[in-house]
Amino acid sequence: MRIGLVGTGNVARALATGWSSAGHDVVLGSRSPKERAEADELKGFTLVGVGEAGAHGEVLVNATPGTASVDALKEIDPADLDGKLLVDIGVGFTEGMELSHPNYSLGEEIQAAYPETRVVKTLATVDSVVMTDPGSLEGPATIFLSGDDAAAKETTKGLLADLGWPDASQLDLGGIGTARGQEHFALLFMGVAEAIGSYGFGIRVVPPRTAS
Ligand SMILES: NC(=O)c1ccc[n+]([C@@H]2O[C@H](COP(=O)([O-])OP(=O)(O)OC[C@H]3O[C@@H](n4cnc5c(N)ncnc54)[C@H](OP(=O)(O)O)[C@@H]3O)[C@@H](O)[C@H]2O)c1
């Protein structure tokens, strides 16, 4: 599958590596591809402008700061967004590290700005290492999906499986409104990271014991 990632940071690079290894044709979209191509951490990646990444991808991925994502996506020709799956991983923070979307979510904001695009929020509850290496955890964790379009979520499930997330680990929360839960989990994420001294953890939904 052709994947156009928007962003060149930790998340974009980790996902580009993971999906390229799984056989996908991946490019990273930068606001300044020529300058960014000089950066050591971007050697070996295919770097293009954001608009080009939008044209390249059958699937687009938002890996930009949540406060900048809607503006960042404006560099893509609207025709290259219409009807496409946009996997959104962003979480927005203010300069004071408060949630930038406290009664809302970035996922909903992007879906409202681009009603013809099929937005699916996922991977926002783990760090960039665990995103692409869930096997680094002691046991299975849960990864969440939120989105209004069932087919778009099915495609996203396949892309998650390509990163090592088995079907049993994937939990569909429902419509894009449920992206709030994934994004607002960032507060607990930071608390847990502080408490255990690592970002490299996952969480697992433990269902009730079935009556025997
Ligand atoms: N890091 C994690 O483990 C993690 C986990 C879960 C969710 N997230 C979320 O995923 C998103 C990406 O995280 P990240 O760690 O990859 O972030 P990052 O390292 O800061 O990279 C973000 C990238 O977005 C691009 N960008 C576009 N507009 C921007 C703007 N106005 N200001 C700054 N950068 C801009 C930049 O690429 P160019 O300069 O090349 O355009 C930049 O490299 C964020 O929303 C974050 O909250 C991150």
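**Contacts.** I began with the contacts of the protein chain in this predicted model. I took those with a separation of 6 or more, and residues 24 or more positions apart account for 70% of them.

**Burial.** I then looked up burial: 40% of the 212 residues in the protein chain count as buried.

**Secondary structure and overall dimensions.** I noted 8 helices and 8 strands for the protein chain. For the C-alpha atoms I recorded a box of roughly 60 × 40 × 35 Å along the principal axes.

**Sheet.** I traced an open sheet of 8 strands and wrote down its order as S3-S2-S1-S4-S5-S6-S7-S8. The pairing in this sheet is mixed. At the edges I found strand S3 (47-49) and strand S8 (170-174). Each of these two has a single partner strand, so one side of each lacks a neighbour in the sheet. From one strand to the next, the twist averages 30 degrees.

**S6 and S7.** I checked one pair in detail. Strand S6 (residues 118-122) pairs with strand S7 (residues 143-147) in the antiparallel sense, over 3 bridges. I looked for the residue opposite Thr122 and found Leu145 in S7.

**Helix H1.** Last, I followed helix H1 (residues 10-21) against the strands. Helix H1 lies across strand S1 (2-6), strand S2 (25-30) and strand S4 (59-62). I noted the angle of H1 to S2 as about 165 degrees.

How values were computed. Residues numbered from 1 in each chain as written. Predicted model: local features only at pLDDT ≥ 70, side-chain atom pairs only at ≥ 80, totals over all residues. Helix = DSSP H or I, 4+ residues; strand = E, 2+ residues; numbered from the N terminus. Buried ≥ 20, exposed ≤ 12 C-beta atoms within 10 Å, placed from the backbone. Contact = placed C-beta atoms within 7 Å. Pairing = 2+ DSSP bridges. Axes fitted to C-alpha atoms, helices over the stretch in contact; angles between N-to-C directions.
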